[in-house]
Structure formats: structure tokens, C-alpha cells
Amino acid sequence: MNRFLFFNILFFYSFVSFSQNKGVVLGKITTKSKSIEDKKVISIPAINKTYYSDAKGNYQTDSIPFGSYEITFHTLGFKAQKATITINNSRIKHNVSLIELAYEIDGVDITEKKKDLVGPTNRMRPIEGVLISQGKKNEVISVEETGGNKAINQGRQIYAQIPGLNIWESDGAGIQLGIGGRGLNPSRTSNYNTRQNGYDISADALGYPETYYTPPTEAVQKIQLIRGAAALQFGTQFGGLLNFVLKTGNEEKQLEAAIRQTVGSFGLSNTFLEVGGSKKRWNYYAYGQYKTGNDFRPNSEFDVYAAGLNAQYQFNEKTSANIEFTKMNYLAHQPGGLTDLQFNTTPDTSYRTRNWFKVDWNLAALQFNHEFSSTTRLNSRFFGLIANRKALGVLEQINRVDPLTERDYILGEFMNFGNETRLLKTYSVKDQIWAFVAGARYYKGYNHSLQGYADSTDQPHFEYLNPNYVEGSDYEFPSQNISVFVEHIFALSKHFSITPGVRFESINTNANGWYRNTVRDLAGNIVFDEQVIDNQTNNRSFLIGGIGLNYKQNDSLEFYANASQNYRSINFTDMQIQNPNFRIDPNLEDEKGYNFDLGARGLIGNKVNYDISLFLLAYNNRIGTAIKTDPLLFNVYQYRTNISKSLTKGVEGMVAVDWWKLLINDTSKLSVRTFVNTALTDARYINSLEPAYENKKVELVPAFTFKTGLRVGYTNISTQIQYSYTSEHFSDATNTLQQANAVNGLIPAYSIVDWSIKYKWKRLQLETGINNLTNSIYFTRRATAYPGPGIIPSPPRNYFLTLQVKI
């Protein structure tokens, strides 16, 4: 027994002695600017060990034998720090503050900018996740910092500091976003590669890139916009990339919730609820929205339901995955368009009682992220869409009374899925940081389009009278796209970098179906009728390239330039549709061209933010609309065809200044900010074979846009006022001044004043404001079909009041 006890005591003493010769190193890794979203890496080469911090920067090693060790702390975008640490105790605490990589240090600035200090608009990091924006014209909007009525997605205020945009206002609820820039059609933002959290949200990215769904602004954290050079990484759209980054859960709390209730003019009521948080390896965010109202014209009531869920799971320090679901469903009564005379006399009138529009949008995405090391990361995202849009009503020209006969019913069903995988690698060459991103994309889409007759009532009965044989057309549009791309940042000095890139596209689009060709006389009698079978296949493969140049003297002065080839395929809607106001050239061809930017930008402390640039956008075979007259019936209609080459050139500028910080006290809690945003644009058709188009102005391009605003804020209260001006412009390529049916003609210049105020107190936030303060009577678009046809008046003076409670 004594011998057994002796050996147990000896074993216990040896174990304790051995344990006491080990210790752990723990602490927190921070930066001098703001927290890093990426996890940080702790490397100890002597024992071949690597550790990772949590998302907040806290770290702790395993038990390590006593001794001195060289430990390296690093993460992507920050200079690695080495420290010799002696472990002579069971717990050694060592905190680290990492220094951002910048031109002055290591060649390429790949760090995140400080939180926006001079207004809601800033710029992207040259490397943002697995995206390269070096040398490109880009902007980032911090939605929380914007003013105005977020319940109706007020684009005029949200995008206030983005120069050169033409924003359509199709309804008072902000259901659909319509923005165009640099001579591009704003219709449902179809000239942008529109995404949510990096994946497609449009009906069909290739053949029908119209965006019927817009994320609720209250659920959006930031909006990223890269101009035309984005084609190399995201696909061929002349406008570039528009990406809505949704909110994520609060990493500091297991549960955080907020509810926002907005009321406003014309019966507006918007309820928005969000919840989010983090627990163990999970981070989650979910929202729900219900919006209803009547708008300012008769026959314009709407009901909108939207919901979203994003859940992320951290498998380990290197690997995570998140799954997302988004649902939007709305029904809108559409009051139709107006003629010029009707608009000038009674703009709040409706002459269509039977038009309805219904959308059901369902998105899903699954993303995987893996960090091989602090310099190499992979993102792979799977995404899919199941959706439909239903348009029901009377498409007859608005200068004719509603015949009260059967209504046109157009149904579009969309199903698509795809995958996009990107690899980002950074490395050092002669003390400069170089980086490249390479990726591949597979996309498969399917669109089924039907047009026929529905009943003659004024109710939203979305049913065909003859569902087995519709009267107008029946088409299937399958499509497939495979693409690969690469872009590389070559930092040739601590100030100058070159970023070339190439993209290979293989596109297959098909149109299989039939349409009915019906000709009526002036009395409405059918004089000719035939069914046309139509089967088209279009395969094309091509390579596009581009290059960006960047010279950064310091944070206050940076020059950039880029040139990029571009391409846009014809839309499914360009194949065939029955519309008395609209006809389509059966020999339409895809559009090709290029974008060019040259500019200077910078941040002067927290006082001045500016970006001024020249741009050029060139189209070959630009698709546009011209005015034709039927030789038999003598009725006027829009003809969509390849007009000719077009050239859009101009200058854009935005300057924001915090005058109090600039002139009085740069550490004060008081802020007095102004901004000026302007664009001068000249867009014309050139080298046209048709004299009617030569040197004519490109449609939907204001020659001059101007916005300016003043914001005064102190701690938790702020107020702002904004003035917006858009010059006159045309709606067709022949520059028609006016037509009886109002589908084509001049869009007169208009100016708008908006005011808002916001106050925060503990868990409460109160927002109110008046849009169109001076009660301007104006319109932004002439519609060829729904929600028209004709002039679509914009809302008169209206107010909103929002109360937010955070739990």
C-alpha cells in the first residue's frame, strides 16, 4: 500500500510540475481605425501552430511549453506584426493593434475606409471580400446615413450623391426601382447587373435583366455601385454593377429587434420588423414588411408583402456558409397614363380603371466562404429564382377611350439558377502587395411568356379566357451562360498600380413559340390574321478585356482611369409582343461597345469628400425606339430597332464638405454638411444609315442633372434639405416633341425640393419629412405599355412620419 501511494504521489507531482511548465497566450487584436470583419491569424512557426481569433479579435492559444517564441499576428489587408513573447507563466496576455496596409506602406490600399465622415457616400476598398475595384469608378452608399422616406425607397434621396443618374418614378410606393446613367434607359434598372449580396435578382440576367424586385431600403446596410468597367467581373451590362448588401445580425447580442412604423400621405402605411443576433457559431438576420396605400391618383392602390432571412454558420476559423431566402409579393392597381393635355390640366386624374399588376418573387442563395490563409480566400455562391409577373389591362393608346372589351393579360414565368465561384489571392512583390481574382460562372435560365385575353371586368382576375389556346403569343425562352474571368492588380510602386482583366463569355439563347399577327382597320375590324411559328437559336462566344490605372498620392488625392469593352444581348421582350403602341424589328442584333473613365477623388480628413471624372460610353448597333406610321392604318407607333452607333460623353462630379469641421472645429459633435452633385452629358447617334437619326440626341438622357443639399446635425438630431434638377430630354431617337398618344415626346425639365429630420433618443428614433416641398407638377417618363401607356405623373407634395423602436 505504501509503495502504491508513493508512486501515485510521484505521478501527481510529475504531472503538476509538467503542467506548470506550460502556459497560454491570450489577448485581443484590434486596429487603430475600426474593427476588422475578418478573423485574425496567430502563427507560431517554432511549434508549427496556427490559431485564429473570433470575429471580435479575441484569441487564445493552447498550452505551450515555457520559453521564448516569435509570434506573428496578421490578416488580409493589414501589415503583419511580429512579437517575441516569453512564456513563463500559465497565462500571458498580449494585445495587438494592427496597422492598415496603404500605398505609403506596401503599395496597394486594400483596407476598408473609415466609416463615412462626410455624408452617406464613400468608395469601396480596392479589394472588397473577393472583389477587386482598383482603378474603377465606384461608390458605396451607407443607407443609415441617408435621409428621406425609406419606406417608399425614395431613390431621389437615397442616390442623391451619385452623379449622372436619371431616376424614373413609376409609382408613389417605390415598388420598382428605375435608374439609368450615362445615357442608359432607367426601365427597371435593366442596364445594370443588379444583385443582392452578390447574386442576381433580375428576371433573367441574359435575356430579361429587368428588376421587378427591389430590397426594402430599411433592410439594406449599403449599396455598392461600380460603373461600366464592372463588366469584366460581373457580366456584360453597360451600366455596371448595382449590389444591395443586406444587414446582418448584431454580433454583440443574441437577440436584437426593431420595428418601424411609417404613415404618410395618400393612405401610406408601412410596417417593417427586423430581428437578428449571434449565438455560438450562428449569426442570423430576418425581416418582414407590409406596405399599403392609395397613391395620389384614383385606381392606384397597392399592397406589398416582403420578407427575408439570412443565416450564417461558422464551421471553424476558416470556413463558413450562409443561406438566404427572400420573398416579395405585391398587387398594384395601375391608373394608366395621360396625354399631354390631360397632364397639363388634371394630372391627378385616371382614365384607366381596369389595369392591374402583380408580382411574386422568390430568391434563394447558398454561399460558402473558405480562407486558405490570410492571403487566399474562396467564395462560391449558388443562387436561384422562381418568380412571375402578371400584367392585366388595356394597352390601347391613352388618347382613345377604354373600349370596355376583353383585357390583355401578359404572364411571365421565370426560373433560373446558377453558381459563381471566385478565388482571391494577395502576395508581395518587392515590398508591394499584388493581388488577383479569378472566377467562373454558370447560369441557366428559363422564361415562359404568354399573352392573351382575360375578362372585361375591373377586378384583378389573372385568368385567361382560353387558357389552352391564348390569342396573342406563347413563347419559351431557355438560356445558358458559361463565363470565366481574371483581374490582377500590379502595384508597380507605392503610388501607382495597373489592373488589367479579361472575361470569356459563352452565351446561348433560344426563342421557341408562336405569335399572332393581326391587322385591324380604323374601326377595329380584323382585316388580316395569321399565326407565325417562331424558333430562334443564338449561340455566341467572345472575349472582352479592360484595364484600370490608379495613382494614389495620398488619401487626399487619387487619380484613376479605366477602359473596358462591353456587350449586351437582346432581351426576350425584343422578340415579340402584341402592343398597338409598339413594334419590334425582327432582325435585332446584340449591342457592343466600351466604357472609359478618367477621374480624381479623395478624402481630406473628415472634412471633404470629392470625386470628379470624365466619361465616354460608346455603342455599336445601339437598340432604341423610333417613330413609325402604319402605311395602311396611319396610326403612329414606336419601332424598336438597332438605331445606329451612339456616343455618350460627359463630366460628373460630387463634392461634399463639412464646413463646421473644416472651418471651426474638426472634433466637434456639431456637423454642417453640404454636397453638390452634377453631371453634364452629351449623347448622340452617329454614323447612322438613316438620316432621321443622324446626330439626334439619344433618348432618356438629360443634358444636365444637378443635386445639392444641406445637412445640420448635432449628436442625436439631424435635419437636411435637398434640391434636385433634371433638364429636358426626349423619349425616342427621332426627338419627337409631342404626339397625340403621349407615348413619345419631350420630357420637360423639373426641379424638386425634399426636407427631412431625424431624432434618436435611447431606443427610439423619430423621422419625418416632406417630399416635393414646393409641390412641383412634373413627370419622369412616358410609358409605351404598363404602367401606361402615356405620361406617368409623379407625386405632388407629400409627407411621412416614421417611429422606430429598438429592443
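1. Buried means under 20% relative accessible area, exposed over 50%, and partly exposed in between (1.4 Å probe, protein chains only). By this definition Arg-182 and Asp-597 are both buried.

2. This is a predicted model, in which local features need pLDDT of at least 70 and side-chain atom pairs count only at pLDDT 80 or more, while totals for chains, interfaces and linings use all residues. Residues are numbered from 1 along each chain as its sequence is written, and side-chain values use heavy atoms, with hydrogens and water left out.

3. The structure holds 39 salt bridges, a salt bridge being a side-chain nitrogen of Lys or Arg within 4 Å of a carboxyl oxygen of Asp or Glu. Arg-182 and Asp-597 form one of them (2.7 Å, N to O). Arg-182 lies in the loop between strand 15 (178–181) and strand 16 (193–196) and Asp-597 in strand 34 (residues 591–604), so the pair ties together parts 415 residues apart in sequence. Strands (E, at least two residues) are DSSP runs, numbered from the N terminus.

4. Arg-441 and Glu-420 also form a salt bridge, with the closest N and O atoms 3.2 Å apart. Arg-441 is in strand 28 (residues 432–454) and Glu-420 in strand 27, 21 residues apart. Both Arg-441 and Glu-420 are buried.

5. In the salt bridge of Arg-684 with Asp-682, the closest N and O atoms are 3.1 Å apart. Arg-684 counts as partly exposed at 24% relative accessibility, as does Asp-682 at 27%.

6. Pro-403 is in the loop between strand 26 (376–393) and strand 27 (407–429). At 42% relative accessibility, Pro-403 is partly exposed.

Definitions and conventions:
Helices (H or I, at least four residues) and strands (E, at least two) are DSSP runs, numbered from the N terminus.
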